[in-house]
Structures are given as C-alpha cells and as structure tokens.
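Hi everyone, thanks for coming. Please take a look at the picture on the screen, and then we'll walk through a few parts of it together.

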Amino acid sequence: MPPPKDVVKIAIQMVGAIPQLIELQQTKPLASVLKDVCDAWSLPNAERYALQYADGRQTYITESNRRDIKNGSILRLTTSPDQEAEQLYIGIQSKNVDVKTDSLKKLASLSQDITFAQEFISRNGLKQIYSIVEEGNDTGEMLAHTLKAFTELMEHDFVSWENLSKVFIKKIVSYVNMSAVDASIQQLSLSILENMVPTSHLLFEMVKKEVTLDRLLTHLQATNAQLQLKAMALLIALLLSAADAERRDMMDYLREKNIRQFIHKNIIHSSEPLGDEMAHYLYVLQSVSLNLCEHRMKMSMDPYSQEERDLLQSLRQTAFESESEVPSASFSTERRRSLCAKEFRKLGFMNNSNPAEDLRRAPPGLLALDNMVYFSRNTPNAYSRFVLENSSREDKHECPFARSSIQLTLILCEILHIGEPCSETAQAFYPMFFGQDHFFEELFCICIQLVNKTWKEMRATQEDFDKVMQVVREQITRTLNLKPTSLELFKTRVNALNYSEILKLRQTERLHQEETLAVPVLELREKLKPELLELIRQQRLLHLCEGTLFRKISSRRRQDKLWYCRLSPNHKVLHYGDVEEGVQSPPIESLTEKIPVADMKMLLVGKECPHTKEKSSGKQNKDVLELAFSIVHDMEEYCLNFVAPTRYEFCLWTDGLNVLLGKEMTSERTQTDLDVLLSMELKLRLLDLENISIPDDPPPIPKPPSNLNFCYDFSQAEQ
C-alpha cells in the first residue's frame with residue numbers, strides 16, 4: 001500500500017553517527033521533527049540544529065519549503081541558520097586573518113541560501129561586509145570571498161542597491177579601474193556594478209562617471225573570457241539605462257574607438273566558441289545601435305525645413321544637372337518649376353510637384369531620405385545608372401526609385417526590428433553587422449539595386465509594385481537567415497537568389513505543404529496518422545531522456561545560472577538539478593532533484609505559469625511568455641518552472657510532458673513533423689502511381705450478369 005501523501009520516507013545523516021531512516025510527517029511541526037531526530041542521537045538543544053539537503057545546493061529545510069522533500073531524499077543535520085549566521089558574523093570580524101578568510105569563504109557559500117541570508121542580514125551582517133571593503137586594502141583571496149558573499153546576499157533582494165554608500169561604490173569602481181588586481185576580483189566588481197546600474201538613475205550616473213568607456217574597452221580586450229563577458233555586461237547595462245541623447249553619444253564614442261572591428265575580429269571570429277551570454281549581449285548591442293535610426297524613422301519631412309529641402313534637391317541635381325547642357329538657372333521660374341517636377345517624376349516620386357509629400361509617411365519618414373542621399377553620394381555611378389536606366393524605359397515599365405526606396409526602408413526597418421525594445425533572451429545577431437561601418441545605409445545600397453534587378457527579371461509594371469517588393473522582402477529575409485559573415489557575402493548570395501530561384505523555392509515549399517486531395521489519398525493519410533503520431537511520441541520521449549540545459553531568468557536581470565532536466569530511461573522519473581557553465585550532458589546520477597511522473601498533475605504554459613504571473617506588475621516579456629511552461633505536481637500545490645532556450649525546445653518538452661500525462665500533443669511542431677512524415681510516407685506509397693491521376697471516387701462495380709452459364713463446372717471435369 002503506498003504511503004499517505006503527507007508522509008515521505010527520508011534518510012538523515014550526521015557526521016560520526018549512523019544515519020536515521022524516518023517517515024517524515026509533513027503535518028508535524030518542523031521543530032518537533034528536529035527534536036525527535038536530536039533525541040535519537042542524544043543531542044541536547046534541538047533548537048540549535050536544522051536540516052538541509054545533503055546534495056546539490058544544500059538548501060536549509062524550512063516550513064515554507066518542506067513540501068519539496070521527496071521520497072528517498074537524503075538530509076543532513078547541521079547547525080541552524082541563525083547559529084551559523086551568528087558564528088560567521090563574529091568570524092568575519094576576527095583579527096586572525098586565517099579565521100576571517102575561512103569565515104568569508106563559508107559565508108560566500110552559505111549566502112546562496114535564502115534562509116541563511118535573511119538571518120545574516122538581520123544581524124546587520126552587510127554592514128560588516130561594507131566595512132571590510134571600505135576599510136581594507138587587501139586585493140587577494142579575502143576580498144574575492146567578500147565580494148562573492150556580497151553578490152549572493154544582494155541576489156535575494158532583501159536590501160536595496162540604493163542603500164550603498166558612495167565610499168563602497170567608489171571602492172568597487174577602483175577594483176575595476178586598477179590594473180594590478182586579480183581577474184576574479186575584477187569580474188565580481190564588474191558584476192556588482194552591472195546589477196547596480198539599472199536600479200536608479202543616480203547609481204547609473206555615478207558608475208558612468210567613474211568607470212570610463214575606455215576602461216571597459218580595455219577589459220573587453222582581455223584574454224580572460226569571463227572578464228571580457230562581465231565587461232560587456234556592464235557596457236550593455238550602461239547603454240540600456242542611458243537616455244536617448246546619452247546613448248547616442250556613447251555609441252558615437254565607441255564607434256570612434258573601433259569597437260565594431262574589435263568585436264568582429266576578436267570575439268565573433270575568436271578561436272573560442274561564442275557563449276549564449278555573449279551572443280545575447282552582441283544582439284543587444286546590435287539592437288541598440290540600429291535603434292539609433294528610430295528618431296529619423298518616426299520623423300516626417302517638414303516642407304518648410306531648408307535643410308531637408310536641400311537634401312531632396314540634391315537627389316535631383318546629382319541625377320540630372322550634370323547631364324543638362326543648359327543650366328536650369330537660365331530658365332524662367334515657371335519653366336524651372338516644370339523641369340523640376342518632370343525630373344522628380346523621373347526619380348520616382350508619386351507627387352512630383354511637391355515630392356516632400358511622399359516623405360510625410362512615418363515610418364519610414366526621413367530615414368528613407370537619408371538612405372537615398374547616402375546612396376547618391378557614396379555610390380553616384382550606381383545611383384545615376386538606376387535613375388537614367390529607368391528614365392529611358394516606357395512609363396509603365398520604369399522602376400520608381402523614390403517610391404521603391406521609401407518602401408524598401410520600411411521593409412528593412414521591419415526585418416531588423418528597428419524601434420522595437422530589446423528581447424531579454426534573444427541571441428540572434430548578424431555577424432556582418434559588426435563587419436561594416438554604416439551598416440544600415442550600406443545594406444540599403446545593396447538592396448535598392450536588388451529592387452531594380454528583380455523589377456527587370458519580373459518585367460514588372462507600376463501595377464506590380466507591391467508584388468516586386470514582396471519578392472524583394474523574401475530575397476532579403478532568406479539571405480539574412482543564412483547568417484552571412486560580411487556584406488559582400490550577403491550581396492553575392494542575395495543577387496544569386498533571383499526571381500526564378502524564388503519561384504522554384506516557393507514551388508518546392510508548396511509541394512511539401514500540399515498533398516493530393518483525392519479522397520483515397522485523404523483516407524490513406526488518416527490510416528497512417530496513428531502510426532506516425534506514435535513515432536513522434538517516441539521521439540519526444542527520447543528527447544526528454546537526453547535532457548536539456550535551461551537557464552534561470554529572474555525578473556530583475558538575465559542570470560548565468562544553469563540547470564538541467566532529463567527523463568529517466570524507464571520514463572518514470574524526471575531528474576533535475578543545477579549545473580555549471582560548460583556542462584553539456586550531465587549524468588543522471590548528478591541530478592539530485594526528482595519528480596515521479598506519477599505525481600505530475602498537469603502542464604501549464606505561457607501566462608498560466610506561476611513564474612510569469614510573478615512578473616505581472618512589470619512589463620511582460622513576450623519572448624519569456626512564449627517559452628515558459630510549468631509542471632504541476634503533488635495535488636496541484638507545487639510547480640517546477642521552465643523557460644525553454646528556444647521555441648523548438650519548448651515544443652518538444654511540452655509535447656513530451658503531455659505524452660507522459662496521457663494527453664494529446666498540442667504544439668505547432670507536432671503538426672509540422674506529422675505533415676513531413678505523412679508527406680514522405682505518402683510519396684513512398686504512391687511512387688508507382690506517379691503521373692497517374694487518382695479518381696476521387698472508386699470505379700463503379702459492374703452489375704451482376706443476367707445468367708451465370710459461363711461458370712466452369714468442376715464436377716463434370718472430375719468425372
């Protein structure tokens with residue numbers, strides 16, 4: 001008979017004693033449980049002891065988390081958190097250097113536990129940490145343990161970062177700015193400043209003033225990958241916390257210092273593989289840089305602005321005035337106006353008498369004008385060829401340069417997500433972005449020439465404008481998905497992807513998506529579905545058995561803590577636990593936490609998950625919501641919360657968990673996989689029927705004959 005839900009069978013260890021095997025009554029107060037355990041070992045003063053997990057993070061057991069204890073858990077009797085906090089509080093004030101260092105080392109380890117952290121902070125322990133940092137001149141092991149302990153204690157959000165003194169902050173800053181300091185101390189100091197910056201504008205201003213961009217660039221150039229990563233994290237935190245004008249100034253300064261070239265050469269093309277954290281920071285840096293275009297993108301043209309009118313006139317002059325034998329200044333006002341209108345029409349403006357009207361739409365606003373001017377000034381030959389070539393075509397076949405440029409700018413803004421906030425988790429940056437100055441403008445120059453090329457390939461007329469731009473969008477998107485490493489490579493690949501290639505790709509995809517709709521084929525599809533769905537179920541469970549590395553994300557900042565989860569080979573237990581960076585596939589024995597599949601009650605996704613509801617007071621992050629799921633277990637009281645690294649992993653895990661729960665697989669990936677498998681299976685089965693039309697209805701059964709005299713009489717043959 002299975003034990004009641006409120007009883008768990010556990011083992012309790014103590015150094016120098018024989019372990020106890022007990023049945024823990026979850027309804028019994030924890031103090032009474034401790035009293036019984038201490039009595040069994042003849043230990044007085046049970047209130048001075050506590051239980052903690054023997055493996056993993058060795059968390060203290062409290063009334064609030066005791067329900068997480070599973071059958072078969074191994075606990076350890078140890079000093080209670082309040083006693084431990086008191087001893088370490090005294091230990092870190094010791095005059096004996098060895099005692100003080102050991103106490104700080106233990107403090108750094110125990111501070112990860114929220115119960116201990118609360119006890120230590122309640123004794124004003126942080127004040128002692130401040131004193132060690134503010135008054136000490138040590139830059140060795142003791143300081144590293146102190147900063148580590150401080151970081152872990154602040155992680156629990158019991159104390160506001162705004163409570164830190166200027167002396168403390170300046171001391172942390174000094175470790176970042178000093179050259180002769182151990183790398184581990186600089187990493188911890190950079191991490192502390194990174195956490196500090198987003199919490200208040202005052203702290204942002206202080207850090208920005210004290211830690212110069214030059215100093216951060218020096219750390220970025222370090223050979224130590226972790227130091228490089230923490231420096232990049234602080235740089236990104238400063239950029240995200242800055243006001244628009246400050247951010248623009250900072251980006252201009254970084255551009256002057258050639259940060260782009262350094263990142264492209266020494267980080268992206270480094271011999272070491274790029275980690276997830278660095279990939280995310282490069283994505284944010286790219287996003288922040290591209291979003292500098294947002295101001296011009298949202299600004300409509302002012303027809304009364306002389307500067308903007310001059311830019312507009314420069315387009316016409318570059319294209320036409322060099323070829324005119326008679327200067328337009330010699331014409332009358334009316335003639336000059338008529339000539340300008342004619343030339344603006346040739347340039348492809350819809351409103352040739354007042355071309356500024358074409359640029360009133362925002363987005364793309366003035367960004368389209370900037371791109372056209374950049375194209376005309378930096379590639380004048382290509383610009384003149386584009387305009388003059390289309391001027392000589394028939395009116396209905398000319399490709400309108402201005403109209404195309406305005407629409408193309410809008411398309412590029414949408415593809416590159418200009419004006420959208422940075423995602424908390426995305427890692428999709430374009431390597432070629434860091435390989436080119438004036439990336440957006442140069443990309444436009446390549447793509448506007450692509451528009452003209454595609455226009456000619458499609459033999460388009462004015463009525464086909466939207467169709468051409470749709471093909472161009474597809475050409476750009478498909479090429480960007482290949483992640484070209486340079487704009488030159490992008491140019492080569494996008495030009496190779498001509499209109500006929502796009503048609504072939506569309507046809508291929510259509511054939512993959514569409515199947516013959518004949519009734520017999522549809523019936524065959526339905527017959528094959530159960531077998532193929534079972535195949536998909538087995539694949540999902542196999543993926544769960546292999547396991548996945550998940551990242552812990554707090555509401556305050558992106559964290560670099562990792563945990564791993566995998567299903568046991570017999571599909572009966574889900575194993576999970578914290579792992580270190582760089583561990584790809586930990587053995588199942590090292591994952592100390594367990595959830596029996598039999599205890600799983602339901603699966604929650606998206607907004608239903610408790611870890612997404614916790615953030616409901618702030619701005620919900622769309623990416624996290626799309627990747628979040630939770631397993632409810634133990635009478636719907638406890639949840640194991642996940643944020644999948646990718647949408648692909650989300651689909652596989654939610655499908656696999658639904659299989660374990662005996663429910664249908666509901667992800668979009670299931671339908672995609674089923675369609676692919678059905679397509680392959682149908683093609684194999686219908687291979688012999690190629691080029692043979694399959695009727696919708698089976699052939700009619702002929703009527704019975706009027707008589708059966710044609711039948712052979714076997715009885716007569718036997719005689």
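Let's start with a question: which residue of strand 4 stands opposite tyrosine 53? It is leucine 75. Before I go on, a word on the model: it is predicted, local features need pLDDT of at least 70, side-chain atom pairs count only at pLDDT 80 or more, and totals for chains, interfaces and linings use all residues. Residues are numbered from 1 along each chain as its sequence is written, and side-chain values use heavy atoms, leaving out hydrogens and water.

When I say helix or strand, I mean a DSSP run, numbered from the N terminus: H or I with at least four residues for helices, E with at least two for strands. Two strands pair if DSSP finds at least two bridges between them.

Back to our pair. Strand 3 (residues 49–53) and strand 4 (residues 74–79) run antiparallel, joined by five bridges. Four of the five residues of strand 3 are buried, so this strand is largely enclosed by the rest of the structure. Buried here means under 20% relative accessible area, exposed is over 50%, and partly exposed is in between, with a 1.4 Å probe and protein chains only.

Next, helix 20, residues 401–415. Of its 15 residues, 12 are buried, so helix 20 too is largely enclosed by the rest of the structure. Among those buried are Phe401, Ile406 and Cys413. They pack against several helices, including helix 18 (366–378) and helix 21 (439–458); contact means heavy atoms within 4.5 Å.

Three strands form an open sheet in the order 9-10-11, with antiparallel pairing. Strand 9 (600–605) and strand 11 (638–643) are the edges, each pairing on one side only. Strand 10 (residues 628–633) pairs with strand 11 over six bridges, and alanine 628 stands opposite valine 643 there. Helix 28 (residues 647–660) lies across strands 9, 10 and 11, at about 155° to strand 9. Axes are lines fitted to C-alpha atoms, for helices over the stretch in contact, and angles run from 0 to 180 degrees between N-to-C directions.
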